[in-house]
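Dear colleague,

Please find below the structure that I am handing over to you. My findings follow directly after it.

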Amino acid sequence: MSTEAKPFLKWAGGKGQLLSQLEEHLPADLQRQAFTYIEPFVGGGAMLFYMLRRFPNITHAVINDINSHLVTAYRVIKEQPDELIRRLSYLEQDYFLLPDEEAKKEYFLNARNIFNEIQLDNIDRTKYLIFLNRTCFNGLYRVNGKGKFNVPFGRNLHPTICNAETILADSSILNRVDVTILNGDFELTANEMREGLNFFYFDPPYRPLNATSSFNSYAKEEFNDNEQIRLRDFCVRINERPNVRWMLSNADCSAKNPDDTFFEDIYADFHIHRVYASRAINANPSKRGKLTELLIKNYE
């Protein structure tokens, strides 16, 4: 059985655990006609790969992210998967030949320094992004105020670094339809809408449930409450266009603090649902587990 397309990186807030619940909330008319799928915060791509597998009637897909390294990785996997696999395999072999944890940590820190400080071609940049993602602490992607990747070594001494089957499956599905890959502000995606039905799925950086729970730093630009409101305004604007359906995920702040009705207030004109999500990326294992997330839609 061939490997199915799925995320090639571990990514904070990834939607792999939520796909079955998200599926229940998709617009019914996606089944019945060709449509354009637009994901302005693509992240690890769990929803993207699910949608491309599930709906062969997607004729155009648009993905965007503010993280330039991530966007480069999607382009490399789409256009140059074989050379990426070749280079990543060499890196994996070098890593596995190292004698002990201390040597692996030193190799990791050197790779992190190369990724942060050296001009690389797109394939090497993607190679190091995947390597760091597989060998850093908890598969996090986090940057400091200067935009430098700063996650420490993860002590996973034998991770799968080069998953050639996944890279090839992802490349194949990204080439099966017309996929536009953008790197910039989420509002850029409005320019890519086509005639007929357009379906947006928004998975922005989540609003923190408390001061210590923010995994917002995928980019040095902060996604604060003003940005959340700007995204709401964007949703209102595209809602005025015919044949646009959208669905948005975010944190359920009022479940943690009943007085914090931020999302209920700003999305009062739309349909708000709650879904159960498993959260695995937390340094404290006791804080992993199930909590509710919001799912906001412009359709029943």
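Strand β5, residues 244–251, is mostly covered, with seven of its eight residues buried. Please note that this is a predicted model. Strand β5 pairs with strand β4 (residues 197–202) in the parallel sense, over five bridges. Within this pairing, Tyr 201 stands opposite Met 247 of β5.

Asp 252 lies in the loop that connects β5 and α9 (253–256). Its relative accessibility is 3%, under the 20% cut-off, and Asp 252 therefore counts as buried. Apart from neighbours within four places in sequence, Asp 252 has contacts with Leu 209, Glu 264, Arg 274, Thr 292, Glu 293 and Leu 294. For orientation within the chain, Arg 32 is 220 residues from Asp 252 in sequence, and the C-alpha atoms of these two residues are 32 Å apart in space.

I also examined a pair of helices. Two packed helices are described by the angle between their axes and the distance between the axes. Helix α2 (residues 46–54) packs with helix α7 (residues 164–176) at an angle of about 60°, and their axes are 10 Å apart. An angle of 65 to 115 degrees would count as roughly perpendicular and one under 35 degrees as roughly parallel; α2 and α7 are therefore oblique to each other. Their crossing is left-handed.

On the α2 side, Leu 48, Phe 49, Leu 52 and Arg 53 take part in the contact, and they meet Asp 170, Ile 173, Leu 174 and Arg 176 of α7. By class, this contact of α2 with α7 comprises five nonpolar and three charged residues, and no polar ones.

With kind regards

How values were computed:
Residues are numbered from 1 along each chain as its sequence is written. This is a predicted model: local features need pLDDT of at least 70, side-chain atom pairs count only at pLDDT 80 or more; totals for chains, interfaces and linings use all residues. Side-chain values use heavy atoms; hydrogens and water are left out. Axes are lines fitted to C-alpha atoms, for helices over the stretch in contact, and angles run from 0 to 180 degrees between N-to-C directions. Helices (H or I, at least four residues) and strands (E, at least two) are DSSP runs, numbered from the N terminus. Angles under 35 degrees count as roughly parallel, over 145 as roughly antiparallel, 65 to 115 as roughly perpendicular and the rest as oblique. A crossing is left-handed if the near helix is turned anticlockwise from the far one by less than a right angle, and right-handed if clockwise. Contact means heavy atoms within 4.5 Å. Ala, Val, Leu, Ile, Met, Phe, Trp, Tyr, Cys and Pro count as nonpolar, Asp, Glu, Lys and Arg as charged, and the others, Gly among them, as polar. Buried means under 20% relative accessible area, exposed over 50%, partly exposed in between (1.4 Å probe, protein chains only). Two strands pair if DSSP finds at least two bridges between them.
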